[in-house]
Amino acid sequence: MKKMIGLFSALLCALLLCTAAYADSISSCAVIGADLDDEQAAQMYEQFGIERGSVLEVRLTNADERSYLEGMVDEALLGTRSISCVYIELLSEGSGIQVDTYNVTWCTPEMYSAALVTAGITDARVVVASPFEVSGTSALAGMYRAYQELTGGALDDTATMVGVEELTITGELAEAIGSADSEAIVGDLKQILTETVNMTDEELSSEIHAIAKQYNVNLTDGQVKRLVNLCRSLEGLNIGQLTERVQNMQNTIKKVSEAKDEAAGFLESLKNVLSSVSDFFNRISAMFGK
């Protein structure tokens, strides 16, 4: 009897260890809009570059999207169907956020990256896709859902809502002044939260105008007020942690940019060398051809 109990205990421990190992191995998730048919879903997996069944899959309904976004996002952008799809792969610490989009017209990869960092997601590869053009706002809900599925619900509710607010305000501002300037202004504000928290609304408004001026942008009173409100929401988070995450993201972007520049420089040098070699042999050929 003791032997049977011992054997049962050993089998139970082995089963628990296998279950834990399997859970640890799950680092990728695909969130598919519930209103897509099988053919459209298959198209999304092709866009993700993975086979269906190779990662955890979650279906997201419009009601699910609204549970994350309603009240923060314009009703017209929420719609009535769940179309946007998301693939998220957790990366090692320090890898940063990598976002690619397909058929997304309103949100840029940079907007998603900034909102994810605000929400507390710092190291992940993300692909946002749709079988046809969509605004992409609802995709943020898919990212949150996927991350929570993979980590067991590690996101702070307040931080996720501020991430939604940031994405919405940045997108609205981008419609007026362009996405690059909009992203830059919001990014600059996020890096001086330790200062803005001690400013009055009037002082903060003046600071926002000064930042905008650096980008040759004139903001309306309404736009400034929206940015003031966003700052106050961001200040409600852990400013030290958020500032560190933003700085780490900026460093990652800089490293990627430098790597691209180095690669471009190397290719240009290689092109020049090959051109010189080609010219040399052409001259040799011409000499002997005579």
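**Exercises: a sheet and its helices**

Helix α2 (residues 38-48) lies across β1 (28-33), β2, β3 (85-90), β4 and β5, and runs at about 140° to β5. Here axes are lines fitted to C-alpha atoms, for helices over the stretch in contact, and angles run from 0 to 180 degrees between N-to-C directions. This is a predicted model, in which local features need pLDDT of at least 70 and side-chain atom pairs count only at pLDDT 80 or more, while totals for chains, interfaces and linings use all residues. Residues are numbered from 1 along each chain as its sequence is written, and side-chain values use heavy atoms, with hydrogens and water left out.

**Exercise 1.** Work out in which order the strands form the sheet, and which of them stand at the edges.

*Solution.* 
- Start with the elements: the chain has 12 helices and 5 strands. Helices (H or I, at least four residues) and strands (E, at least two) are DSSP runs, numbered from the N terminus.
- Next, follow the order β2-β1-β3-β5-β4, an open sheet with mixed pairing. Two strands pair if DSSP finds at least two bridges between them.
- Now look at the ends: β2 (56-60) and β4 (97-104) each have a single partner strand, so one side of each lacks a neighbour in the sheet.

**Exercise 2.** Explain why the buried residues of α2 line one face of the helix, and say what they pack against.

*Solution.* 
- List the buried residues of α2: Ala-41, Met-44, Tyr-45 and Phe-48. Buried means under 20% relative accessible area, exposed over 50%, and partly exposed in between (1.4 Å probe, protein chains only).
- Look down the axis of α2: these buried residues fall within an arc of 100°, so they line one face. The arc is that of the directions from the helix axis to the C-beta atoms.
- Check the partners: the buried residues of α2 pack against β1, β2, β3 and β5.

Methods
Contact = heavy atoms within 4.5 Å.
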